Amino acid sequence: TKISVADELAQKAFDDLKSSGRSTKDSDLCATACQAYRDAFAACTKVVSIDKLAFQSDWFKSFFRRNYDALMVKSIYDNIIDDVDRVRVWMEALRRGSMGNTHSKPDPFFICPEEQKEQDLVDGIIDALFFDKKELEYIKNDPLVRMLIGNDPGHYNFTIITAMGVITEGKQGTELHTAIARLEKERGVVTIRADTGTARSIDYNANKIEEAVNAAVELKRPYGLVGYSQGCANEMNFEAMMISGTPDQQKVITGEYGLVCRQLLFSAANGSMHGPATEAKVHQLITMIEEFLKYQQGYFSRAFISTTIDVLNSGLDSSAFQKFLGGTKSFLPYASRTFWREAQHLPHIPTCVIRGVLEPHTTPESLDMLSNQLTKQSGSALHDSQVHVYDAVGHPIYFKNRNGRILKSTDMGGAIQRTHHWSPLCEEVEYVSTDRDREHRVFDCAKDRHIFPFCDVNARFGIIKYADVEN
């Protein structure tokens, strides 16, 4: 096949790079291998144009995933070479942390990339970024990753709709704003922020996403959904509402300018262990308060007791508290099962994900307690402080039905990274940043990696089209 031929050529080129120390740009073998891979991309694009469900095949999903991970490495490599934001110092801190040397002085490995060999930089990125040892070795030995193949220049005919986490300023938010600006400049991708609310229900937020999508459709370009944390549940709910809605609503996602792909960042669509654990604690707290107040009845007047109860009832019945409950119930197992039982999703939409696992050198100090709490409550440390890696996937885990099988077949995955749940944030969390955070550069992580590889891999296989030169 074209893929196996390209892999053989790339392996020979990689062996030559290791022995010669040259870069991919200076190697004729690499040029030949890259052209072979581009022929394979074109063949896959043609297959998708014939059968839009072809990407669900095992061989296609494997190749798609390899390209997604390769573009993840390429995105960070480009950020280092171009000195974007503070990626160099972040990668240096991440490299030292992965080696256990969190307090040693930084050496110039990533700080001065021009002094390093190209493939040594790639090795350093892979070792520092990826958490799982098996995934790390697979990516490191993949010749496709070593070729550092970028997409052809040009603008994409594509719009992004973002829905951020449970705490957000909606369309006024600034999450990933530097990466979004670079994506628009380099690829012409317009981003529309859905005006989702803090601690609001997934139905409320889905309606806000619908408003953003209607604005995107006016641009006459296909769009993709990028969800972060609870925003993933909001976007999944939006899609389900549109499919089960009116013909006009169905057209919004299935029409010419409809939905073409999804990206889930640290997804909480399967809930979080924080939900049931907090619910159990609240039940215990209510019982303790009731026992305490019963004892106090003999010491206070009936009028005082009645006033206290009225105040508590007013607070619990208030609009703000009820909205808060509506926004947090999606973290609970019963609410998650109810949603997935009724949900419907399109079978021809590929889903990419980013998942993370915390380590001491990647944990923000403000998340220490939350992280330790989740580890204690769940018995597993494989989480990003708020969701576990086995939950942060692109399909339902705790409810099995036909729709769940459809989403599992469209879930393209993504290698687990050494990072935390607040990875897309920077200025938004500056007020809680500590000296330890600044030493470990936990909030200086590469922002481009959250959206650039997602757009590029879908464009590589023709799911996202290039814009016409006239447009």
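**Reading a predicted chain**

Trainee: Glu359 is found in the loop between S5 and helix H17 (368-378). Why is Glu359 called buried?

Mentor: Glu359 has 17% relative accessibility, so it counts as buried. Buried means under 20% relative accessible area, exposed means over 50%, and partly exposed lies in between (1.4 Å probe, protein chains only). Note that this is a predicted model: local features need pLDDT of at least 70, side-chain atom pairs count only at pLDDT 80 or more, and totals for chains, interfaces and linings use all residues. Residues are numbered from 1 along each chain as its sequence is written, and side-chain values use heavy atoms, with hydrogens and water left out.

Trainee: Glu175 is in the loop between strand S1 (159-163) and helix H9 (177-187). Is Glu175 buried or exposed?

Mentor: The relative accessible area of Glu175 is 5%, so Glu175 is buried. Leave aside neighbours within four places in sequence, and Glu175 is in contact with Met164, Thr168, Ile180, Arg193, Pro424, Leu425 and Glu428.

Trainee: Ile397 lies in the loop between H17 and helix H18 (402-410). What makes Ile397 partly exposed?

Mentor: Its relative accessible area is 23%, so Ile397 falls in the partly exposed class.

Trainee: Now the backbone. What sets Asp85 apart?

Mentor: Asp85 has a positive phi of about 45° although it is not a glycine. Most residues other than glycine have a negative phi. Asp85 lies in the loop between H3 and helix H4 (87-98). At 39% relative accessibility, it counts as partly exposed.

Trainee: And what is the phi of Lys220?

Mentor: Positive, about 60°, although Lys220 is not a glycine. Lys220 sits in the loop between helix H10 (202-217) and S3. What class does its accessibility give? At 53% relative accessibility, Lys220 counts as exposed.

Trainee: Why is helix H20 (residues 452-460) called largely enclosed?

Mentor: Nine of its nine residues are buried, so the rest of the structure largely encloses H20. Among them are Phe452, Cys455, Asp456 and Arg460. Just after H20, Gly462 takes a positive phi of about 75°.

Trainee: How many residues of strand S4 (residues 259-265) are buried?

Mentor: Seven of seven, and S4 is mostly covered.

Trainee: How do you know that S4 pairs with strand S3 (residues 223-228)?

Mentor: Two strands pair if DSSP finds at least two bridges between them. S3 and S4 have six bridges, in the parallel sense. Gly227 stands opposite Leu264 in S4. S4 and strand S5 (residues 351-357) also pair in the parallel sense, over four bridges. There, Arg262 stands opposite Thr351 in S5.

Trainee: What makes helix H2 (residues 28-50) and helix H3 (residues 58-81) oblique?

Mentor: They pack at an angle of about 130°, with axes 12 Å apart. Axes are lines fitted to C-alpha atoms, for helices over the stretch in contact, and angles run from 0 to 180 degrees between N-to-C directions. Under 35 degrees is roughly parallel, over 145 roughly antiparallel, 65 to 115 roughly perpendicular, and the rest oblique. H2 and H3 are therefore oblique to each other.

Trainee: Which residues meet there?

Mentor: Tyr37, Ala40, Phe41, Cys44 and Val48 in H2 meet Trp59, Phe60, Phe63, Arg66 and Asn67 in H3. The residues of this contact divide into eight nonpolar, one polar and one charged. Ala, Val, Leu, Ile, Met, Phe, Trp, Tyr, Cys and Pro count as nonpolar, Asp, Glu, Lys and Arg as charged, and the others, Gly among them, as polar.

Trainee: Where do H4 and helix H6 (residues 118-129) touch?

Mentor: Trp90, Met91, Leu94, Arg95 and Ser98 in H4 meet Gly124, Ile125, Asp127, Ala128 and Leu129 in H6. By class, that contact has six nonpolar, two polar and two charged residues. The axes come within 8 Å and cross at roughly 65°.

Key
Helix = DSSP H or I, 4+ residues; strand = E, 2+ residues; numbered from the N terminus. Contact = heavy atoms within 4.5 Å.
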